[in-house]
Amino acid sequence: MQTNVRRDGAEISLPVAQLVPGDVVRLSAGDLVPADGVLLSSHDFFVNQALLTGESYPVEKCAAERGDDANAISEAGTVALAGTSVISGSATLLVCRTGRSTMFGQLADTLVTKPPSTTFEIGLRRFSMLILRITLVLVVLVMAKAWPFTGPGLTR
């Protein structure tokens, strides 16, 4: 996937994997936001962030002004997040996070890690081991009782 990046005063097209924090990206309708970043300018800029937040309607994003303070990055109206799609408008984005450090990357990491065992799973595992031990002891006792095998009818 390619994106338009302004580096050293010139606009070039680069693969998303080559973005670094500090790059300035131009976004327009139909684009996927390539990285987490702060909006420097925007014009009727709406994004669909249902993938990250579950919101069913597009969200309007505006350019950051000095002194803006957001409680959570996913709720900030001045921030565009990687993996969201631009529905309408245009904007320029200052890249702050790329790759695995983006909100989308962190979400992907949580899907890969194995959750810790629940109390129910631990109890079920212990109960299964108890049943296995009892079964093995019973098999050994039955075999010991029938040990001296004699003849075809297994009589003593």
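A residue is termed buried under 20% relative accessible area, exposed over 50% and partly exposed in between, computed with a 1.4 Å probe on protein chains only. By this criterion, buried residues make up 21% of the 156 residues in the protein chain. The model is predicted, so that local features require pLDDT of at least 70 and side-chain atom pairs count only at pLDDT 80 or more, while totals for chains, interfaces and linings use all residues. Residues are numbered from 1 along each chain as its sequence is written, and side-chain values use heavy atoms, with hydrogens and water left out.

**Figure 1. Secondary structure of the protein chain.** The chain comprises three helices and seven strands. Along the sequence, these elements follow the pattern β-β-β-β-α-β-β-β-α-α. Helices (H or I, at least four residues) and strands (E, at least two) are DSSP runs, numbered from the N terminus.

Figure 2. Strand β1 (residues 2–7) pairs with strand β2 (residues 10–15) in the antiparallel sense over six bridges. Two strands are said to pair if DSSP finds at least two bridges between them. Val 5 stands opposite Ile 12 in β2. Two residues separate the strands of this hairpin, and Asp 8 in the turn has a positive phi of about 55°. Most residues other than glycine have a negative phi.

**Figure 3. Pairing of β3 with β1 and β7.** Strand β1 also pairs with β3, in the antiparallel sense and over two bridges. Here the bridge partner of Val 5 in β3 is Val 25. Strands β3 and β7 are likewise antiparallel, with five bridges. Ser 28 has Ser 90 as its bridge partner in β7.

**Figure 4. The two salt bridges.** The structure holds two salt bridges, each defined as a side-chain nitrogen of Lys or Arg within 4 Å of a carboxyl oxygen of Asp or Glu. One joins the side chains of Asp 23 and Arg 7 at 2.8 Å, N to O. This pair links distant parts of the chain, 16 residues apart: Asp 23 lies in the loop between β2 and β3 (24–28), and Arg 7 lies in strand β1. Asp 23 counts as buried because its relative accessibility is 5%, whereas Arg 7, at 27%, counts as partly exposed. The other joins the side chains of Arg 26 and Glu 11 at 2.6 Å, N to O. This pair also links distant parts of the chain, with Arg 26 in strand β3 and Glu 11 in strand β2, 15 residues apart. Arg 26 is partly exposed at 41% relative accessibility, and Glu 11 is partly exposed at 43%.

**Figure 5. The largest nonpolar core.** A nonpolar core is a set of buried Ala, Val, Leu, Ile, Met, Phe, Trp, Tyr and Cys residues joined through side-chain atoms within 4.5 Å. The largest such core has 15 residues, and those with the most contacts inside it are Val 25, Leu 27, Val 33, Leu 39, Phe 45, Val 86 and Leu 93. Strands β3, β4 and β7 (85–97) are the elements that give two or more residues to this core. Of these, β7 gives the most, with four residues. In soluble globular proteins, nonpolar side chains tend to be buried together.

Figure 6. Asp 44 lies in strand β4 (residues 36–48). Although it is not a glycine, Asp 44 has a positive phi of about 50°. Asp 44 is partly exposed, with a relative accessible area of 48%. Gly 89 lies in strand β7 and is partly exposed, with a relative accessible area of 25%. The C-alpha atoms of Gly 89 and Phe 46 are separated by 6.5 Å, although these residues are 43 residues apart along the chain.

**Figure 7. A nonpolar surface patch.** Phe 127, Leu 130, Ile 131, Ile 134, Val 137, Leu 138 and Leu 141 make a nonpolar surface patch of about 660 Å². Patches are made of residues with over 30% relative accessible area and no salt bridge; like charges are joined within 9 Å, and nonpolar side chains (Val, Leu, Ile, Met, Phe, Trp, Tyr) within 5 Å. Accessible areas come from the Shrake-Rupley method with a 1.4 Å probe, and for residues only the protein chains shown count as cover. Phe 127 lies in helix α3 (residues 119–145) and counts as partly exposed at 49% relative accessibility.
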